[in-house]
Amino acid sequence: MQIKTRRAPSDRILPAVGWTVAVGVPVVFLTIFFLLPFLTLVGRGFMSADGALDLSGFAEVLTRSRTWRVIWQTVWMSSIATVLSVLVSVPAAWVLYRTAFPGRGFLRGIVAVPFVLPSVVVGVAFRSIFTESGPLGSWQLDGTQWAIIIGMVFFNYSVGVRTLGNMWVRLDPRAEQAAAALGARPVRMFFTVTLPRLMPALASAAAVIFLFCATSFGLVLILGGTRTQTVETEIYFLTTALLDLRSASVLSIVQLVVIALALWMGSAARRAGAATQTMRTDLAPRPVSKADVPALVATIIPVLVLLIAPLAYLFWRSLHRSGEFTLANYAALFDADAVRVLQGSVMAATWRSIEIALVAMIAAVIVGVLVSIVVTRRPKTMLGKRLLAALDGLFMLPLGVSAVTVGFGFLIALDKPPIDLRGSFWLIPMAQAMVAIPLVVRVVTPVLASIDPRQREVATVLGAGPARSLVTVEGPYVLRSLTIGAAFAFSMSLGEFGATSFLARPGTPTLPVAIYRLISEPGATEQGMALAASVVLALLAGSVMALVEARADSTSGGRVGSAGSRAGSAGGGASGASKVASPRVAQGSFEKGM
């Protein structure tokens with residue numbers, strides 16, 4: 001006898017109060033802390049002081065030779081770094097995702113490190129290598145564009161590896177097997193069979209990497225100094241040095257167009273890949289063979305030279321001052337009078353950063369979870385689907401705006417009643433939350449979307465209302481995936497420099513801002529303290545993700561449970577959290593979604 005089920009909660013109109021909270025809170029938050037700053041920024045570029053349409057600012061800015069020089073430097077450096085990042089990540093994507101060998105998990109963990117490191121840490125690490133007293137000082141790369149490009153490749157190596165690997169691991173191998181049976185050698189088989197099938201992933205990875213390179217604010221500011229300018233550093237210079245807010249607004253709009261184009265290209269590439277490829281989820285990595293040795297070597301060398309060596313040298317240099325081994329650099333972090341450039345100790349800035357990051361993480365988690373719940377509903381009416389699509393687009397808008405633009409928008413929009421946050425503690429956490437919200441959404445949404453609708457249907461049959469079904473059926477999935485989402489949000493907020501550089505007051509800097517001020521000074525004390533503070537920041541950000549990885553390992557056997565395995569717990573009110581998607585699965589979904 002077939003049980004007649006009631007309509008699933010996802011297919012019904014939720015109670016008015018629930019919808020008001022789930023939709024209203026994110027909309028209000030995004031309106032105040034994104035749309036208002038964003039529209040104010042755009043208005044500065046398109047409007048005159050009296051509110052009339054005035055495009056003379058574009059003509060003025062876009063006719064300057066300096067503007068086009070800055071745009072060209074941004075485009076060509078980002079393009080070169082993108083090509084290098086993609087090329088160097090292809091062997092690692094194969095080795096780390098399609099083969100199995102002892103230590104593969106450890107190697108994948110190292111490759112993931114750059115993704116969570118603050119940009120100021122990476123900038124300080126490479127600057128310590130390229131400076132005259134560094135091991136590569138004879139190369140004369142300090143302050144050059146090539147130093148910045150190398151730093152960009154360091155940052156985006158893991159993005160390329162994971163984007164390619166997540167697709168490669170799901171490609172049906174029968175095409176390669178057929179080519180091998182017909183006598184194709186491995187190199188020819190790769191270029192004629194495998195590479196064409198990987199092109200959507202390559203294009204998607206290239207688009208995302210180009211976006212990240214074009215918005216590498218802290219890296220360019222530290223490694224380029226005054227010799228190299230990109231669009232973001234030019235916006236910062238126009239705002240803080242020249243107080244030319246209108247020109248900065250025009251450049252911000254130009255940058256938004258470039259970012260939107262990169263995101264569109266990446267999205268189109270992902271859609272093309274989904275439409276033309278047959279993906280499998282039952283493929284197990286095969287044991288590494290002699291044929292994989294070149295790819296293995298091409299993976300280990302970049303990991304050692306590009307990833308491990310700069311961070312190891314950063315730590316080594318932090319233990320030296322004026323050529324002598326000492327702990328003075330770390331001791332000075334607790335001294336409020338150690339240097340004049342800071343109005344307080346570095347540790348005070350560290351605690352301030354932790355406090356701000358916690359507040360930003362909580363705000364990002366609350367808003368991100370509500371957004372994920374809303375955009376994963378499945379309304380049956382055409383009006384409901386259109387409203388959901390509009391809300392989805394609104395919630396994803398911050399993904400296409402750089403942190404520098406967010407900080408600049410806050411600076412010019414939230415400085416007068418009724419929303420005057422000048423001097424308020426909440427200004428920086430809310431800006432950092434806006435930067436982190438898309439991360440949380442990208443982690444939680446794929447997990448919620450993958451839940452079998454029959455689980456909600458069974459819970460409804462057993463008497464669970466919408467709220468109870470949400471808590472008992474979807475709640476455990478959200479909690480597990482939210483672990484890594486919260487860790488990403490905290491780590492990103494802790495090391496956030498782009499938006500914070502506009503908003504931090506001189507007397508209350510965050511740790512990344514304090515590091516930048518220290519590294520900009522020529523004294524041995526300031527330089528040593530910058531190195532030590534960078535190590536502290538790297539350890540704080542890295543330890544959070546290490547804890548999440550450890551927790552992911554303990555739950556890696558979990559999978560999305562079937563309707564039958566969870567029916568009783570959903571209806572009976574038990575937590576039912578025994579088998580849910582692990583944080584590692586959520587991390588993969590996030591990286592694939594990028």
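**A close look at one residue**

A: Ile-209 sits in helix α8, which covers residues 186-214. Helices here are DSSP runs of H or I with at least four residues, strands are runs of E with at least two, and both are numbered from the N terminus. This is a predicted model, where local features need pLDDT of at least 70 and side-chain atom pairs count only at pLDDT 80 or more, while totals for chains, interfaces and linings use all residues. Residues are numbered from 1 along each chain as its sequence is written, and side-chain values use heavy atoms, leaving out hydrogens and water.

Is Ile-209 buried or exposed? Ile-209 counts as buried, because its relative accessibility is 0%. Buried means under 20% relative accessible area, exposed means over 50%, and partly exposed is in between (1.4 Å probe, protein chains only).

What does Ile-209 touch? Leaving aside residues up to four places away in sequence, its partners are Thr-82, Ser-85, Val-86, Asn-156, Val-159 and Gly-160. A contact means heavy atoms within 4.5 Å. Take Asn-156: it is 53 residues from Ile-209 along the chain, yet their C-alpha atoms are separated by 6.1 Å. Of its contacts with a separation of 6 or more, 80% join residues 24 or more positions apart.

Now step back. The chain has 594 residues, and 53% of them are buried. Its secondary structure comes to 24 helices and 6 strands.

Helix α14 spans residues 346-375. It has 30 residues and reaches 42 Å from first C-alpha to last, close to the 44 Å expected at 1.5 Å a residue. The expected span is 1.5 Å times one less than the number of residues. Because 23 of its 30 residues are buried, α14 is largely enclosed by the rest of the structure.

Another buried residue is Thr-405, at 3% relative accessibility. Thr-405 belongs to helix α16, residues 403-413. Its side chain makes a polar contact with the side chain of Gln-255, at 3.0 Å. A polar contact is a pair of N or O atoms within 3.5 Å; within protein, one must be able to donate a hydrogen and the other to accept it, and residues adjacent in sequence count only if both atoms are side-chain atoms.

Next, the charged pairs. Side chains of opposite charge can pair when their charged atoms come close. A salt bridge is a side-chain nitrogen of Lys or Arg within 4 Å of a carboxyl oxygen of Asp or Glu. By this rule there are 4 salt bridges. One joins Arg-64 and Asp-244, with the closest N and O atoms 3.8 Å apart. Arg-64 lies in the loop between α2 and α3, and Asp-244 in the loop between α10 and α11, so the pair ties together parts 180 residues apart in sequence.

Glu-234 and Arg-66 also meet in a salt bridge, at 2.7 Å from N to O. Glu-234 is buried at 6% relative accessibility, whereas Arg-66 is partly exposed at 31%.

A further salt bridge joins Asp-292 and Arg-286, at 2.9 Å from N to O. Asp-292 counts as buried, at 4% relative accessibility. Arg-286 is partly exposed, at 32%.
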